[in-house]
Amino acid sequence: MKARKIEDNIYWMGSVDWDARLFDSLIPLPDGTSYNAYLIRGSEKTMLIDTVEPSVIHELMAQLESVEKVDYIVCLHAEQDHSGGIPQVLLRYPDAKVVVTPKAKGILMDLMTIPESAFMVVKDGEAICLGDKNVEFIHTPWVHWPETMVAYLRENKILFSCDFFGSHLATTDLYGVDEGRIYEAAKRYYAEIMMPFRSIIKKNLEKLKPYSIETIAPSHGPIHPKPAIIMEAHDQWVNSPPKNLVVLPYVSMHSSTQKMVHHLIASLVEKGVSVEPFNLTVTDIGKLAIALVDAATIVVGTPTVLAGPHPNVVYAACLANALRPKAKFLSIIGSYGWGGKTVETLAGMISNLKVEIIEPQLIKGTPSVSDFKALDGLAETIALKHKENGFI
Ligand code: FEO
């Protein structure tokens, strides 16, 4: 794709990847992604903001063919999907300065070969003058690495935000037009990438409030022409209390756990609690991450396999523990054949979660009438706790 004009002397560059289906060998990409770089031509100097994933650097280099000089290559974030193309861009513009936070300099020197003399470290709030345009750098650590910053083009009121406010979405639309689709993709992105750093993101959102922002140009997904929508969505994901929702990731091997899951869902619904179940043998793990943004309670359903939880459940527990959602309560349900340490194993895997454990319901074999009653009791306890905490 060719470079695309955003405003006078400001261009989108980069690559749209419709076929990508896995990011960082970990994160599902149902809608592909894009790697956005931006070119700002000032009356005196030219600045490139971010580069692209190394495998598509040829696309950026082709877009830069008509650009004689780049004075600054800004690295807002050192992860390779944005920084990986810097060495090649530097080869074409050997006099360019690589503009970074102090932490980013160290990380880039660890990750790739860039001569130390090429770096220009900027302080929080420092600006670079391009002649008729001034770009201010705002340090926003932990979105989602420790070195991250954003860039604010004062004259045009454009915030270049890199991963912050991004979405994995491949589209020919330069600007987000389908707000529902953007919201879903951005929430997935927040859930998978940003949620563990919620408390610091809260501070970064506050830090951006004094800026008059008319456009947000992230480094993944379409540009936001109405920044209030995406900023308010982030504010809500970060700050709002959990919702009256149980997220129920589960696996069943011989239907006993499934019967328990179905009974618990019905019982919770009867008591006014919403449930999102995820059968982990078929689920898109990103959808589970999205649900975890809002859930007040997590109930894990698992059979006992080789004396412990099912491996897919282990994976989901590891993921939830890493994502640190704001859920307040957790329980475990499931069936075993003759014994095991399912509860102990799972409990040991969720140390990051600040949850109250509601008594697990592990049963032997297929569920009996009294087991279903115990599940009704679990549903009753969950509904009560949601009510006591104002989630209902
Ligand atoms: Fe898009 Fe954290 O890299």
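Which residues are buried in α7? In this helix, Pro227, Ile230, Met231, Ala233, His234, Trp237 and Val238 are buried, where buried means under 20% relative accessible area, exposed over 50% and partly exposed in between, with a 1.4 Å probe and protein chains only. Seen down the axis of α7, these buried residues fall within an arc of 155°, so they line one face of the helix; the arc is that of the directions from the helix axis to the C-beta atoms.

The model is predicted: local features need pLDDT of at least 70, side-chain atom pairs count only at pLDDT 80 or more, and totals for chains, interfaces and linings use all residues. Residues are numbered from 1 along each chain as its sequence is written, and side-chain values use heavy atoms, with hydrogens and water left out. Helices (H or I, at least four residues) and strands (E, at least two) are DSSP runs numbered from the N terminus.

The buried residues of α7 pack against α5 (179-194), α6 (198-208), β14 (215-218) and α9 (285-294), with contact meaning heavy atoms within 4.5 Å. Helix α7 covers residues 227-239, and at 1.5 Å a residue its 13 residues should span 18 Å, which agrees with end C-alpha atoms 18 Å apart. The expected span of a helix is 1.5 Å times one less than its number of residues.

Attention now turns to the strands. In β2 (residues 10-17), 6 of the 8 residues are buried, so this strand is largely enclosed by the rest of the structure. Strands count as paired if DSSP finds at least two bridges between them. β2 runs antiparallel to β1 (residues 4-7), to which 3 bridges join it, and glutamate 7 has isoleucine 10 of β2 as its bridge partner. The hairpin formed by β1 and β2 has 2 residues between the strands, and asparagine 9 in the turn has a positive phi of about 65°. β2 also pairs with β5 (residues 33-41), in the antiparallel sense and over 8 bridges; here serine 15 stands opposite tyrosine 35 of β5.

Strand β12 (residues 149-153) is mostly covered, with 5 of its 5 residues buried. Met149, Ala151 and Leu153 point one way from β12, while Val150 and Tyr152 point the other way. An antiparallel pairing over 5 bridges links β12 with β11 (residues 134-139), and glutamate 136 has tyrosine 152 of β12 as its bridge partner. β12 is also joined by 3 bridges to β13 (residues 158-162), again antiparallel, with isoleucine 158 of β13 as the bridge partner of leucine 153. The hairpin of β12 and β13 has 4 residues between the strands, and lysine 157 takes a positive phi near 55° there.
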